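Open the model in your viewer and keep the selection tool at hand. The stops below say what to select next and what is there.

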Amino acid sequence: MIYNFFFKTNCYRLIFIIFSFIFTSSSFAAVLHWSPVDSTEEYVISGYKVHYGTSSGEYTNIVDIDGQDNTSCDLDTLNLVPAQTYYFAVSAYSTAGLEGSLSLPISYSTPAEGPYIVQYPSIDYVNNIIDVTFSENNMQGTNVKNNYDFRPTIFFNEAYDIVLPDEINQPGTYRLLMDYIPERTIITMTVNNVTDDKGNALVSSTIVLNDNDNDSMADDWETYYGISTAFLDPDADGLENRSEFEWGTSPVDDDSDDDGMDDGWEVQNSLNPVLDDSDGDIDGDGISNLDEYNQGSGVSNRSPDKPVLNLPVNFAVNVELNPQLITNPYVDHENDDHIKTQWQISTEQTFTISENILFEQETYDSLTNLTIPEFIIEANNTYYWRVRFFDVLNGRSPWSDIFSFTTMTNNPEDSDGNGVPDIQQVEDGTIDLNDDGYLDVLSNTYKMVTNGHISISLEASNYVTDIERLKSIDPDDISDTFGKPDDLQFGLIQFKIGVTNPGDTAHVNIYFSEPVGKHWYKYDIVNGWREYSKDYPGNVVFSPDRKSVVLRLVDGGPGDSDGIANGIIVDPSGPGAYLSSTSDSVSGSGGGGGCFIATAAFGSYMEKHVEILKDFRDLYLLKFRSGSAFVKAYYKYSPPIADVIARHTVLKIIVRIGLMPLIIFAYILIHVSLFYQSVIFLFIIFVMAMSYTMCKARRVAYANNFETGVHNGT
């Protein structure tokens with residue numbers, strides 16, 4: 001078998017060059033290209049085999065490509081399923097029938113066929129109207145009430161039909177007249193059996209209403225209380241705004257039920273913050289809940305010590321524009337694990353005006369040091385920062401003392417102060433990327449940069465007051481490699497824009513001098529790398545020629561890296577081809593995930609089974625001391641194991657099978673109501689009890705038969 005080994009080694013030099021994407025008037029065609037493998041005197045290359053399947057390393061289909069110089073495969077001929085990710089690898093074979101090793105895999109997501117819901121439906125609570133706009137006008141089934149489902153349940157007004165677009169002169173928009181729409185409630189709308197005139201079903205059929213900024217708080221609830229961010233605690237009752245919404249308490253009243261006990265204290269001690277339970281005795285010690293509160297005896301968990309800030313030192317000057325904030329080590333006298341840290345930067349030292357808070361994030365990885373992203377702070381300004389720690393039992397420390405620092409006088413990258421790095425200035429004055437008939441120039445609503453290969457420009461539209469900064473970032477400068485896309489094509493595009501009011505939704509148009517890929521990726525310090533176009537498909541719209549994209553960004557929402565609605569949106573993102581499925585992505589570190597073994601087994605940290613395990617970790621494990629200890633140990637010891645799994649297909653299959661019971665269990669906890677959880681677990685207990693009874697009966701019968709046999713001398 002020595003000859004076969006050398007042949008396989010030689011053929012391993014085969015690599016992919018590029019996916020070639022070609023738009024036609026009728027379809028989106030994709031062609032797979034690879035570099036040829038040279039023949040030798042001993043091995044004459046006869047052709048290639050394209051191996052592909054829906055899991056990396058598991059290729060259920062093979063296509064024979066005859067001829068040494070035939071180095072491409074038209075993917076449209078493979079009858080691939082729409083909206084599905086496929087993985088491809090290529091091997092060469094000789095005239096003697098010997099097949100070389102597979103190339104490194106490459107992934108391709110087939111485009112989805114069919115229309116989609118445009119952005120977020122608008123709600124008119126006064127007239128109980130929901131306007132749903134579809135991407136195409138000729139929709140089938142959109143006027144059938146049974147095709148819409150709402151959770152929590154709301155009903156159509158039976159006296160009226162669904163109003164069609166031509167009746168309200170709004171192309172693509174269908175008006176739903178409801179019997180009643182509850183206010184201050186997040187509603188999930190699911191649309192089924194709706195297609196375009198070609199029979200293509202909706203790309204995205206489920207959408208959230210009344211939470212346009214995706215912060216898990218109802219938009220009208222935020223407006224009613226004047227709330228603009230999820231992480232603040234304006235009434236200082238121990239519950240942040242998002243928790244106040246979840247519990248139904250007031251974010252501006254520390255005692256919503258007026259029972260004399262703070263809302264946060266009641267939640268922490270398993271009391272009801274919207275019910276007067278001051279006379280109760282939850283722990284049965286003969287002392288009322290109110291007396292427990294007044295005596296301070298009800299809180300069983302001691303909070304961590306107040307953080308001590310380290311660097312930059314207080315009153316520091318000439319600080320760089322993306323400084324690293326460092327605290328002293330975390331201290332908890334009960335030895336509770338450090339689960340997260342909350343960081344804030346403001347332009348004033350009271351931290352009472354949300355519009356003056358430039359940066360606010362909760363981090364689970366960067367616990368005692370954090371590098372502030374670019375564009376958050378500016379040159380020649382004074383800023384204030386503070387920190388607080390959280391333990392695994394959600395005990396929170398007091399805020400640290402407030403430190404201040406003053407940044408360097410000038411931005412060394414931008415000597416003329418026009419918001420574009422000097423080395424990225426576009427000198428060619430004849431460019432018109434947006435094809436509006438006017439030469440592109442730098443202005444408040446239009447900026448352009450070059451990364452040395454292509455030109456990139458950004459143009460603002462609604463609610464944008466100005467474009468403050470624009471820069472092209474080399475992705476190699478970002479050290480976090482976990483989930484990092486293999487091909488970012490033109491790097492990341494970082495910009496800073498101002499909007500009219502905090503919380504506004506901005507649209508920006510980004511133009512390229514060359515076509516880009518079909519995916520849009522984002523990086524920030526909390527979520528790490530993620531495919532923004534997959535998480536929020538309505539927020540990314542490419543032009544047919546792939547030379548421009550429209551981004552929809554919400555101030556303080558998922559498209560804003562400063563983490564707060566403050567009138568400023570900072571976004572580092574860019575076009576790319578696909579996510580890495582190699583072991584580098586599995587074993588890397590950063591804020592992208594952390595389920596290393598599952599990622600190795602399923603091929604991507606964004607795979608649906610891995611997402612379930614991550615949700616289980618965040619919603620259940622990290623809320624308990626033992627669970628947090630397990631997660632901490634898992635992060636420490638699992639990466640080497642994951643690296644081994646990622647390199648062996650058989651191990652991947654075994655691990656997937658082994659993880660399925662845990663995934664099913666996690667899915668039940670996350671997605672099934674408490675009632676059905678109880679039914680399922682009671683059924684499991686019943687089956688286990690029956691199995692134990694049957695096994696015990698068999699053991700007794702066997703013992704009796706054995707004794708009978710001994711007695712009879714057999």
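**Stop 1: a loop residue.** Select Gln 424, which lies in the loop between β23 and β24. Helices (H or I, at least four residues) and strands (E, at least two) are DSSP runs, numbered from the N terminus. The model is a predicted one, in which local features need pLDDT of at least 70 and side-chain atom pairs count only at pLDDT 80 or more, while totals for chains, interfaces and linings use all residues. Residues are numbered from 1 along each chain as its sequence is written, and side-chain values use heavy atoms, with hydrogens and water left out.

Is Gln 424 buried or exposed? Its relative accessibility is 10%, so Gln 424 counts as buried. Buried means under 20% relative accessible area, exposed over 50%, and partly exposed in between (1.4 Å probe, protein chains only).

Now show what surrounds this residue. Leaving aside residues up to four places away in sequence, Gln 424 touches Met 448, Val 449, Thr 450, Lys 471 and Ser 472; a contact means heavy atoms within 4.5 Å.

**Stop 2: the five-stranded sheet.** Select β24, β25, β28, β32 and β31, which in that order form an open sheet of 5 strands with antiparallel pairing. Two strands pair if DSSP finds at least two bridges between them. At the edges are β24 (446-450) and β31 (540-542), each pairing on one side only. From one strand to the next, the twist averages 20 degrees; axes are lines fitted to C-alpha atoms, for helices over the stretch in contact, and angles run from 0 to 180 degrees between N-to-C directions.

Within this sheet, select residues 505-512 (β28) and 548-554 (β32). These strands are antiparallel and pair over 7 bridges. Thr 505 has Val 554 in β32 as its bridge partner, and Tyr 511 has Ser 548 in β32. How many residues of β32 are buried? The count is 6 of its 7 residues, and the strand is mostly covered.

Move to the hairpin that β31 and β32 form, with 5 residues between them. Arg 546, in the turn, has a positive phi of about 60 degrees. The two strands run antiparallel and are joined by 3 bridges; Phe 542 has Val 549 in β32 as its bridge partner. In a regular strand the side chains alternate between the two faces of the sheet.

**Stop 3: the three-stranded sheet.** Select β16, β18 and β21, the 3 strands of an open sheet in that order, with antiparallel pairing. The edge strands, each pairing on one side only, are β16 (309-311) and β21 (369-371). Here the twist averages 25 degrees from one strand to the next. β16 is joined to β18 (residues 324-327) by 2 bridges, and the two run antiparallel. Opposite Leu 309 stands Thr 327 in β18.

**Stop 4: aromatic rings.** A search of the whole structure finds 16 aromatic pairs. Rings of Phe, Tyr and Trp (its six-membered ring) pair if their centres lie within 6.5 Å; planes under 30 degrees apart count as stacked, over 60 as edge-to-face and the rest as tilted.

Select Tyr 148 and Phe 156. Their ring centres are 6.0 Å apart and their planes are at 70 degrees, so the pair is edge-to-face. Both residues are buried.

Next, select Tyr 383 and Phe 405, a tilted pair with 5.9 Å from centre to centre and 35 degrees between the planes. This pair links distant parts of the chain, 22 residues apart: Tyr 383 is in β22 (residues 382-391) and Phe 405 in β23 (residues 403-407). Tyr 383 and Phe 405 are both buried.

Then select Trp 221, Tyr 224, Tyr 225 and Phe 245, which form one aromatic cluster. A charge sits over a ring if NZ of Lys or CZ of Arg is within 6 Å of the ring centre and within 35 degrees of the ring normal. Elsewhere, select Lys 49 and Tyr 93: Lys 49 lies over the face of Tyr 93, at 5.6 Å from the ring centre.

**Last stop: the whole chain.** Zoom out to the protein chain, with its 13 helices and 33 strands. Of its 714 residues, 49% count as buried.
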